[in-house]
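Hi,

Here is the structure I promised to pass on.

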Amino acid sequence: MSTIRFLTGITPSGTPHLGNYAGMLRPAIAASRSREVENFYFLADYHALIKCQDPARVQRSTIEIAASWLAAGLDPEHVTFYRQSDIPEIPELCWLLTCVTGKGLLNRAHAYKAAVDKNHADGTETDDGVTAGLFMYPVLMAADILAFNAHKVPVGRDQVQHIEMARDMASSFNHIYGGEFFTLPEAQVEENVATLPGLDGRKMSKSYNNTIALFSSREQLRKLIGSITTDSRTPGEPKEVEGSALFQIYQGFASEEETEALRRQYAEGIAWGDAKQQLFERIDRELAPMRERYEHLVAHPAELEDILQAGAAKARRETLPLIRELRSAVGLRSLAQAPVAAKAKAARQALPQFKQYREADGKFYFKLVAADGQLLLQSLGFDAPKEAGQAIGQLQREGETALSALQPRLQPADPQLVLAALQQLRDAAE
Ligand code: TRP
């Protein structure tokens with residue numbers, strides 16, 4: 001029985017900073033330890049090529065990000081940790097999805113639309129400087145998710161639209177090829193994660209160039225913290241915590257008591273230099289043990305490579321059987337068996353069909369779909385696939401009696417249509 005699957009991708013196109021750590025790595029790693037779920041974490045290096053065409057930088061960033069996740073405590077024995085470009089089934093699936101995705105859907109993707117809007121504002125041509133890679137970004141992301149039939153995808157708000165597009169592509173594919181090949185994934189937006197301000201008080205982000213690298217050396221860390229913008233209040237003058245980047249970063253690392261203590265010291269007029277020293281000590285206390293492991297891994301990239309290769313082998317145990325099934329479903333299959341299978345499918349398609357599937361809530365559902373794809377009947381969730389199967393059996397055997405007996409668990413579009421379809425199925429079975 002498969003458990004709920006979480007999947008998260010990280011694009012290796014920069015050096016991880018404290019904001020990435022507090023907002024993403026730390027909560028994701030904590031969750032990977034406590035959850036009774038399967039976790040997939042991967043380095044989205046094909047995605048990196050969309051933004052970054054500097055090969056040395058892509059490689060460097062892949063090393064730094066892989067080392068950061070491991071140093072911060074991700075356990076590759078417990079989760080599946082891999083690199084996107086080690087899984088050839090992902091780009092293959094990307095193409096299969098491309099062919100069931102409306103171009104119009106991609107026209108509406110935020111990243112593409114932002115580029116187009118900017119061109120219009122600048123008075124340049126619509127697609128100026130837009131690569132097909134940027135345009136296709138949501139399809140590649142859908143392939144990442146659907147290749148593992150992930151149920152939940154923890155993402156920031158900006159990525160929710162991409163998960164919705166992945167659902168669209170999954171259901172188009174399921175519909176066109178007449179099967180439940182894909183689970184429909186759901187975005188999981190963490191509301192309570194810390195967003196850290198950067199050195200200048202704006203959100204810490206590599207596009208503002210205001211970041212503090214996660215694994216700076218102790219000395220660099222001290223220097224960077226020293227350069228956080230403060231106001232001109234002198235030692236002894238009470239200071240405001242609101243709008244103080246220094247205070248907010250401290251809060252991102254400290255316990256509630258520690259935060260309260262610093263708040264009092266602000267009111268009492270702590271000198272900026274002393275506040276910075278406290279922030280430095282607090283962050284360094286958390287990072288120093290990880291820094292050692294990080295430095296070791298960055299100095300021994302072959303160890304990282306081994307870990308990622310082992311992760312890829314584990315990941316491909318999932319993707320290989322799926323892609324084999326998908327290839328056959330779309331007609332990329334041995335010529336010896338093609339005509340038979342095609343006939344079987346044509347016969348099947350003329351009849352209504354029961355379809356069983358599992359949703360992201362972990363429950364088992366079925367629906368009855370007419371030959372033309374119209375939804376006739378939708379079940380509520382069952383705890384076990386067997387219960388859903390039994391309900392289907394009952395409907396097939398008993399028709400109307402079963403429909404009223406099971407009524408609390410069913411949502412028929414039109415009971416008459418359902419009964420007609422059930423009759424059609426019984427006739428066909430004779
Ligand atoms: N696009 C994501 C980002 O920039 C990274 C990513 C790629 C991803 N593929 C994914 C995230 C699949 C979740 C699932 O943050």
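Predicted model: local features only at pLDDT ≥ 70, side-chain atom pairs only at ≥ 80, totals over all residues.

Thr-101 sits in the loop that links helix 4 (89-98) to helix 5 (103-107). Thr-101 has a relative accessible area of 15%, so it goes down as buried, the cut-off being under 20%. Its side chain reaches back to the backbone oxygen of Leu-97, at 2.6 Å. Leaving aside residues up to four places away in sequence, Thr-101 touches Leu-106 and Met-169.

Another loop residue I looked at is Pro-76, found between helix 3 (55-71) and strand 3 (80-83). Pro-76 comes out at 26% relative accessibility, which makes it partly exposed. Not counting residues up to four places away in sequence, its contacts are Leu-70, Phe-81, Ile-307 and Lys-314.

Which residues are around it? The list is Leu-7, Gly-9, Thr-11, Phe-42, Ala-44, His-47, Tyr-137, Met-141, Asp-144, Ile-145, Val-153 and Gln-159. By type, that shell splits into seven nonpolar residues, four polar and one charged. Strand 1 (5-10) and helix 7 (132-146) each put at least two residues into the shell, and helix 7 gives the most, with four.

Tyr-137 has a side-chain N or O atom 2.4 Å from a nitrogen atom of the ligand. For Asp-144, a polar side-chain atom is 2.7 Å from a ligand nitrogen. With Gln-159, the distance from a side-chain N or O atom to a nitrogen of the ligand is 3.4 Å. As for cover, the ligand taken alone exposes 360 Å², and the protein buries 87% of that.

Asp-144 belongs to helix 7. Is Asp-144 buried or exposed? Its relative accessible area is 3%, so it is buried. Apart from residues up to four places away in sequence, Asp-144 touches Leu-7, Phe-42, His-47, Gln-84 and Ile-90.

Asn-149 has a positive phi of about 45 degrees, although it is not a glycine. Asn-149 is in the loop between helix 7 and strand 4 (152-155), and at 18% relative accessibility it counts as buried. Asn-209 also isn't a glycine, yet has a positive phi of about 55 degrees. Where is Asn-209 found? It lies in the loop between strand 5 (186-189) and helix 9 (218-226). Asn-209 has a relative accessible area of 70%, so it is exposed.

Last, the overall numbers:

- The protein has 17 helices and nine strands.
- Its C-alpha atoms fill a box of roughly 90 × 50 × 45 Å along the principal axes.
- Of its 430 residues, 46% are buried.
- Taking contacts between residues at least 6 apart in sequence, 71% join residues at least 24 apart.
- The accessible surface is about 21,200 Å², with 52% of that belonging to carbon and sulfur atoms.

Over to you!

Definitions and conventions
Residues numbered from 1 in each chain as written. Heavy atoms only, no water. Near = heavy atom within 4 Å. Polar contact = N/O pair within 3.5 Å; in protein donor to acceptor, adjacent residues only side chain to side chain. Areas by Shrake-Rupley, 256 points an atom, 1.4 Å probe, with all protein chains shown as cover. Nonpolar A, V, L, I, M, F, W, Y, C, P; charged D, E, K, R; others polar. Buried < 20%, exposed > 50% of the residue type's maximum accessible area, 1.4 Å probe, protein only. Contact = heavy atoms within 4.5 Å.
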